[in-house]
Amino acid sequence: MPSIIRPHLATRTVPPTTKQALDWADLAVVDLSKAADPDGRAELTAQVCEAMRTQGFFYVVNHGWTPEQTARAFDIAEFAFSGVSAKDKQAYAATMKTTGSFQGYKPRQYWHIDNGINDQIDTFNINRDVTLREQPEALRPFLPELDALARHTHFDILHPILRMLAQGLELEEETFVDLHQFKSVSETYIRFMKYYPRTIEEEEKTNNVWLKGHTDIGTVTILYSQPISALQILGRDGKWRWIKHIENAMVINIGDAMEFLSGGYYKATIHRVVQPPEDQRLRERLGIFYFAMAHDDTPLIPVQKSPVLERVGTENRQGIPQDSGGSVITMEAWRKSRTSAYGQSRLTAAPGGKIEEETVQGVLVQHFN
Ligand SMILES: O=C(O)CCC(=O)C(=O)O
Ligand SMILES: [Fe+2]
């Protein structure tokens, strides 16, 4: 393989982890190097399925990407915000409302959080096929590295996880991989995300919530672990717990689309982002994510012929998404409706005041404060 030219970039100083004792979520750590042989895979499958049926989140380590490669990816993520002009960010703005796609730059303050307060988050999203759209000139020299990042995450992390999720349903191993080909019409994309510290008023009016509790739209979300603590998951006991940073690990969770495809066997876990603990409060928080979606034309109905689903039945918390005529909808229709509504739609407060709701394609979607 020809080696990739790596243009010079400033090296980010990685912020220290918090010293505070937080109520950490106790998540499984999956050693992906064991996936190479069948016995190891069987062991991991049991671990992954248990994690998905209980916590809904787990870590992946030994995934074949070095700490140096991860650090470089964060340097590029930083540059995507600091090295691209405001004019270009506007020229390459994401058009969620009109296209239902997050591709491009989302400016700060686009999403409503609570009580009239909007987000302080920049996002930049790029399809895994980095050639699909034109990108800002400043970013073009980094496209080969972004391509490598997407391919690594897709083939070395996403696909092994999808194989285990299929095996957990006693399906043919490639069932979900076949719905997530790298070369396909689908939205699967890299996201860079930068959170900025907020004013006291913003903190007070949102109860310190930076990104409302939600489930992800797609099938599998892969988050590059980073040191600023702020991500929390909602436990089955109704308690929010913090996700702890593990160096060079990935944090994995599934989204709505996998919940639909698995007939509710794997559940999309609710998570949110809150103000970091005191010793990290003034820092910016930079994130890298890989949001996987099934091929655009995939109908979001439970996969057929799963002996597990035949035994336990499908119990889908959210039901099956369908259009106004009652037809099953596709991944494309789901992601577009959710994306255009997100942070913009009028939500209805559910009794108790903590949850707001909306109906998207016939399915109840909840947002937590
Ligand atoms: O910033 C994080 O850690 C999580 C972000 C998130 O949940 C999302 O973008 O869907
Ligand atoms: Fe999320």
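Me: Which strands does helix H1 lie across?
Reply: In this predicted model, helix H1, residues 38-54, lies across S1, strand S2 (57-61) and strand S12 (250-254). The helix runs at about 155° to S1.

Me: And helix H2, what does that touch?
Reply: Helix H2 covers residues 67-82 and packs on the sheet, where it touches S6, strand S7 (189-195), strand S9 (220-224) and strand S14 (285-292). Its direction makes about 105° with that of S14.

Me: What's the strand order in that open sheet?
Reply: The order is S1-S2-S12-S9-S14-S7-S6-S3, 8 strands with mixed pairing.

Me: Which strands stand at the edges?
Reply: Strand S1 (29-31) and strand S3 (104-106). Each has a single partner strand, so one side of each is left without a neighbour in the sheet.

Me: What does the twist average from one strand to the next?
Reply: It averages 25°.

Me: Back to S3. In which sense does it pair with S6, parallel or antiparallel?
Reply: Antiparallel, over 3 bridges, with S6 spanning residues 121-127. Tyr-105 has Phe-124 in S6 as its bridge partner.

Me: Zooming out, how many helices and strands are in the protein?
Reply: The protein has 9 helices and 17 strands. The radius of gyration is 20 Å, close to the 21 Å that the globule rule gives for 369 residues, so the protein is as compact as a globular protein of that length. Along the principal axes, the C-alpha trace spans about 55 × 55 × 45 Å.

Me: What share of the residues count as buried?
Reply: 40% of the 369 residues. As for contacts between residues at least 6 apart in sequence, 75% join residues at least 24 apart.

Me: What pLDDT does the protein average?
Reply: The average is 93, and 99% of the residues score at least 70. The model also scores ipTM 0.99 and pTM 0.96.

Notes. Residues are numbered from 1 along each chain as its sequence is written. Chains are lettered from A and ligands numbered from 1 in the order in which they are written. This is a predicted model: local features need pLDDT of at least 70, side-chain atom pairs count only at pLDDT 80 or more; totals for chains, interfaces and linings use all residues. pLDDT is the predictor's confidence in each residue, from 0 to 100. Helices (H or I, at least four residues) and strands (E, at least two) are DSSP runs, numbered from the N terminus. The radius of gyration is taken over C-alpha atoms; the globule rule is 2.2 Å times the number of residues to the power 0.38. A residue is buried if 20 or more other C-beta atoms lie within 10 Å of its own, exposed if 12 or fewer, and partly exposed in between; C-beta atoms are placed from the backbone. Two residues are in contact if their C-beta atoms, placed from the backbone, lie within 7 Å. Two strands pair if DSSP finds at least two bridges between them. Axes are lines fitted to C-alpha atoms, for helices over the stretch in contact, and angles run from 0 to 180 degrees between N-to-C directions.
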